[in-house]
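Trainee: I have a structure open and would like to talk it through with you. Could you take a look at it with me?

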Amino acid sequence: MSTVPTTRCAMIALIGQPNAGKSTLLNAVVGARVGIVSAKPNTTRLLVRGVQMLKDTQLVWLDTPGLTRVQGNAKKGYSRALMQQAAEAMSDADIVVLVADVNQALRGLEQEEAWWQQAAQHRQPTILVLSKIDKLKDKKLLLPLLTRLQASPLAAVVPLSALKDVAVKELAAAVAKLAPEGPHLFPAGMVTDQPLADRLSELTREQILRVLQAEVPYGITVQTEDVAAPQGDAPMLINQTILVSKPSHKAMVLGAGGQMIKRLGTQARFAMQEVLGQGLRLELQVRLLKK
Ligand SMILES: Nc1nc2c(ncn2[C@@H]2O[C@H](COP(=O)(O)OP(=O)(O)OP(=O)(O)O)[C@@H](O)[C@H]2O)c(=O)[nH]1
Ligand SMILES: [Mg+2]
């Protein structure tokens, strides 16, 4: 009698406040730049999927836009935001991973713990990630919290640093243990199902978020117009348009004497080269959206 090898597959939703480190964690587990990362809140706008293989288990991580806490009624605000922004990821997921910046959580612990307890009541197993532990000076502060959480319905609590690659493997192992049996959803070797053009647009938007002043990037969209394969000695050529909504933003994206767009272009090109594993030329133009 022949035995059919069992495979496992899980969809995992990464949920948490803006800036908690969800996209950094996604990139760390997948081992590639799949989601874009910046120090500004609300960097991620769309659902992004990243795929990780652990032996026979395929883990499909769903990165979501951060949830905004509504001032004055944290619980209500959280659940409303969950409904609106992360509902899709949550309903698709077999496992939910809540990501909370440990340094922030320790500042408003009562509210946070109430939310974690509530979130752990969902039908799927829920793991809590306490992120950015590299920034936590006094690690002893974690102990009473971890002890209290042992009594919660959370499937696991994992303190980690995605940036310094501390305990990221432990998280993946904890998740893999909960993965149900099932066929793999993505072919071997695929790290994301995001179309290449969108991924390249996001890499440029990432640089805009990192470099430009606070309010400017939020009104900006990047469109990939063309991706042309290398020809002879000429490398791959990518052409993108940065769409801005205000004339003042156009001036800021261009910078004095075109210095800013040159800098953005160089940095975005480096990121694209890393993702694509080859040299390329990037052409950027800025266009003002007509009202
Ligand atoms: N020190 C430290 N910083 C981190 C870590 N993980 C993320 N960060 C930083 O936190 C900031 C936000 O990271 P993101 O990964 O974009 O956070 P996010 O939760 O995806 O944010 P949104 O997409 O806005 O919801 C960036 O400046 C990251 O470099 C970590 O483990 N340690
Ligand atoms: Mg993000």
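Trainee: What is the handedness of the crossing where helix 7 passes helix 9?

Mentor: Helix 7 passes helix 9 in a right-handed crossing, and please keep in mind that this is a predicted model.

Trainee: And at what angle do helix 7 and helix 9 pack?

Mentor: Helix 7, residues 196-211, packs against helix 9, residues 259-276, at an angle of about 135°, and their axes lie 9 Å apart. That angle makes helix 7 oblique to helix 9.

Trainee: Which residues make the contact?

Mentor: On helix 7 they include Leu200, Leu203, Ile208 and Val211, while those on helix 9 include Leu264, Ala268, Ala271 and Met272. By class, the contact of helix 7 with helix 9 has nine nonpolar, three polar and three charged residues, with Arg199 and Glu206 of helix 7 and Arg263 of helix 9 also taking part.

Trainee: Switching to the ligand, which residues come nearest to ligand 1?

Mentor: Of the 24 residues around ligand 1, the nearest are Gly21, Ser23, Thr44, Gly66 and Leu163. Helix 1, residues 22-30, gives the most to that shell, with three residues.

Trainee: How does the shell around ligand 1 split by class?

Mentor: The shell around ligand 1 has 12 polar, eight nonpolar and four charged residues.

Trainee: Last topic: what does the domain assignment give for the chain?

Mentor: The assignment gives domain 1 as 8-178 and domain 2 as 196-288, and 30 Å separate their centres, taken over C-alpha atoms.

Trainee: How many residues of each domain are in contact?

Mentor: Six residues of domain 1 are in contact with 11 residues of domain 2, and the side of domain 1 that touches domain 2 has two nonpolar, two polar and two charged residues.

Notes. Residues are numbered from 1 along each chain as its sequence is written. Chains are lettered from A and ligands numbered from 1 in the order in which they are written. This is a predicted model: local features need pLDDT of at least 70, side-chain atom pairs count only at pLDDT 80 or more; totals for chains, interfaces and linings use all residues. Axes are lines fitted to C-alpha atoms, for helices over the stretch in contact, and angles run from 0 to 180 degrees between N-to-C directions. Helices (H or I, at least four residues) and strands (E, at least two) are DSSP runs, numbered from the N terminus. Angles under 35 degrees count as roughly parallel, over 145 as roughly antiparallel, 65 to 115 as roughly perpendicular and the rest as oblique. A crossing is left-handed if the near helix is turned anticlockwise from the far one by less than a right angle, and right-handed if clockwise. Two residues are in contact if their C-beta atoms, placed from the backbone, lie within 7 Å. Ala, Val, Leu, Ile, Met, Phe, Trp, Tyr, Cys and Pro count as nonpolar, Asp, Glu, Lys and Arg as charged, and the others, Gly among them, as polar. A residue is near a molecule or strand if its C-beta atom, placed from the backbone, lies within 6 Å of it. Domain bounds come from an automatic or database domain assignment.
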